[in-house]
Amino acid sequence: MNAESVWAVFRFEWRRSLSGFRIVAWLVLALFTPILILLVQSRPLDPVSEYVMGSVIFVLVVEVTCLLGLLLWGAPLIQAELESNSWIYLAVRPYGRVHLLLGKYANATTWVFLAAVTAISITSRFVWMVETERLWVVIVALSLLSSLAYGALYVLIAVVFPKKAMVFAVLYTLIFEGLVSLVPATINRLTIQYRLRSLLFHWMDWYDKIPEDARILLSKAPPWQDVGILLGITVSLLAAAVVAIQFREYLTGGPD
Amino acid sequence: MFELQHVTKLYKLVIGINDIHLSLPPGAYGLIGPNGSGKTTLINLLTGQLRPTLGRVRVFGENPWNHSGLLRRLGYCPAPDPAQWNVSALEWVTYLLQLTQIPRTESTARARQALERVGLGSSMHRPIQTYSLGMRQRIKLAQALAHDPDWLILDEPFNGLDPIGRREMTTILQEWVRDGKSLLLSSHVLHEVEEITPSYLLLCGGRLLASGTAEEIAADLGNVVGEVTLRGSGMAHVASQMVGDPDVLSLQFMPHRSGIKMLVRSSPAFRTHLQQVLAAPEVVLEELDTPSQSLDSLFSTLMKLHRGEVVSQESWEPLAPGEAS
């Protein structure tokens with residue numbers, strides 16, 4: 001493998017993805033959270049706890065923005081190449097499959113992370129909170145971890161199920177990251193969402209402020225452990241994707 | 001060097017290629033067959049994109065599956081056009097060279113050279129989506145030969161080319177072969193393959209029907225029956241002379257004895273005998289239709305044989321003299 005080739009894929013994909021559709025989609029992702037928060041705040045609401053507002057922003061930026069972006073640009077990673085017939089040109093280059101995977105992964109996570117940073121940066125300008133700057137730093141860090149981990153997850157799904165990657169990614173997200181992560185049992189520790197949520201509450205010092213029975217949904221481990229686990233998940237998923245893409249046959253046409 | 005040892009590739013229940021056994025030393029070869037004959041499957045096996053279901057594939061003596069080192073020595077021009085072309089030809093070829101692990105500055109220089117070689121020197125900075133189909137074919141060729149591979153594998157490179165483009169593509173490939181480089185050229189445009197290489201692999205239904213030069217294939221087809229049609233006057237004389245030839249398997253007069261049709265085994269002896277008979281003064285020949293030795297004809301005969309439309313000599317007994325109908 002060669003880092004220069006991964007960088008070449010990243011640069012080429014970046015240049016190629018500067019299309020009108022991509023920019024509009026990126027703007028929708030980046031502006032979705034600020035507009036929603038602005039609408040919520042413009043209506044007279046009962047005062048809410050700071051952690052409730054923070055959690056809403058967390059859900060909108062770290063979950064909705066990052067996941068939607070990665071579903072759009074990470075999940076169809078292989079299928080897009082197969083459909084556009086460009087796969088075979090890249091696959092016949094030395095380690096071309098791996099370089100393509102890593103370069104496109106980096107490209108997708110960068111687009112998504114930048115959308116998330118833009119979203120929290122605009123939102124933090126007008127949201128009512130005491131520790132706005134702290135929330136900005138935490139959400140940016142969580143967005144980075146979220147982009148990397150979910151990006152790796154979707155890339156693995158894309159490699160294993162290229163034709164139905166989007167469907168499997170949505171199903172996995174809804175079932176595991178949506179439902180299972182909220183199940184008050186050990187199984188929720190296997191989800192990325194559980195770690196991200198725990199980090200939010202620890203880094204914002206909200207852990208002691210929430211009702212005691214809700215703490216079962218959060219990790220008691222120190223934040224560095226959760227970060228370590230998230231990075232471990234990311235590396236493991238990416239490694240699995242790299243191995244899988246090397247050993248999978250991709251049909252680029254009929255059996256001619 | 002390419003080697004396939006009894007290779008079969010199945011796509012679930014569909015046969016891609018079926019028990020192909022061949023060895024290709026460095027050289028130029030035309031891979032010929034109709035659509036669905038298994039040409040692309042064979043190429044995908046050689047480029048390590050597919051694993052054989054049965055048998056063994058070797059490229060330069062090594063298994064190409066998952067063998068990145070081998071890919072530097074191959075230049076592949078696939079049949080399909082990439083759909084996303086909002087970059088220039090120079091950018092695209094440079095990008096693919098970088099993926100061949102050639103440093104960026106060198107990649108740009110090599111990309112320029114390759115694009116100039118295929119005649120796109122003046123338009124290499126234009127977005128590819130503004131190119132004609134023929135120009136895109138040339139870009140595809142440029143990306144295949146830019147890293148100076150040992151073997152060039154081309155899948156239907158003549159598709160979409162106008163006559164001038166075909167001539168230019170043929171010239172480039174002839175130069176490639178003249179330079180001593182190896183080439184595997186997949187096509188169903190037989191006469192264009194004939195202009196580039198005299199060696200062929202004929203595929204049909206996933207099977208290798210024949211391989212070698214046209215003469216070698218023709219020799220292999222020596223026991224295949226072909227039809228010779230003659231029209232003119234003096235046909236009774238021709239029939240009486242030819243009916244005893246051991247290579248004539250059947251002979252039939254056309255209405256009013258205006259001509260004859262013979263099922264023959266097309267051997268050199270038969271052809272010499274026929275020439276002598278036709279030289280007789282009472283014979284005036286108006287039409288002669290014989291099985292041709294062209295690649296087109298050989299391929300047609302092989303296809304008929306494959307489908308059971310033509311029988312081999314073993315199925316026939318030569319006629320005894322005087323048995324003409």
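Me: The charged end of which residue sits over the ring of Phe253(B)?

Reply: Good place to start, keeping in mind that this is a predicted model. A charge is counted over a ring when CZ of Arg is within 6 Å of the ring centre and within 35 degrees of the ring normal. Here the residue is Arg257(B), with its charged end 4.5 Å from the centre of the Phe253(B) ring. In chain A, Arg22(A) is placed over the ring of Trp111(A), 5.0 Å from the centre. Trp111(A) also belongs to a cluster linked by ring pairs, together with Trp7(A), Phe10(A), Trp14(A) and Trp73(A).

Me: How many aromatic pairs does the structure hold over all chains?

Reply: There are 15. One of them joins Phe2(B) and Phe60(B), which are tilted at 55° between the planes, with centres 6.4 Å apart. Phe2(B) is in strand β1 and Phe60(B) in the loop between β4 and α2, 58 residues apart.

Me: And is the pair of Tyr29(B) and Trp151(B) stacked or tilted?

Reply: Planes under 30 degrees apart count as stacked. This pair has 10° between its planes and 6.1 Å centre to centre, and is stacked. Tyr29(B) lies in strand β3 and Trp151(B) in strand β6, so the pair ties together parts 122 residues apart in sequence.

Me: Why does Trp151(B) count as buried?

Reply: Buried means under 20% relative accessible area. Trp151(B) qualifies because its relative accessibility is 1%. Tyr29(B), at 10%, is buried too.

Me: Which residues have the most contacts inside the largest nonpolar core?

Reply: They are Trp92(B), Leu173(B) and Leu184(B), in a core of 155 residues. Helix α7 of chain A supplies the largest share, 16 residues. Leu184(B) touches residues including Phe2(B), Tyr29(B) and Trp151(B).

Key: Residues are numbered from 1 along each chain as its sequence is written. Chains are lettered from A and ligands numbered from 1 in the order in which they are written. This is a predicted model: local features need pLDDT of at least 70, side-chain atom pairs count only at pLDDT 80 or more; totals for chains, interfaces and linings use all residues. Side-chain values use heavy atoms; hydrogens and water are left out. A nonpolar core is a set of buried Ala, Val, Leu, Ile, Met, Phe, Trp, Tyr and Cys residues joined through side-chain atoms within 4.5 Å. Buried means under 20% relative accessible area, exposed over 50%, partly exposed in between (1.4 Å probe, protein chains only). Helices (H or I, at least four residues) and strands (E, at least two) are DSSP runs, numbered from the N terminus. Contact means heavy atoms within 4.5 Å. Rings of Phe, Tyr and Trp (its six-membered ring) pair if their centres lie within 6.5 Å; planes under 30 degrees apart count as stacked, over 60 as edge-to-face and the rest as tilted. Lists of a residue's contacts leave out its neighbours within four places in sequence.
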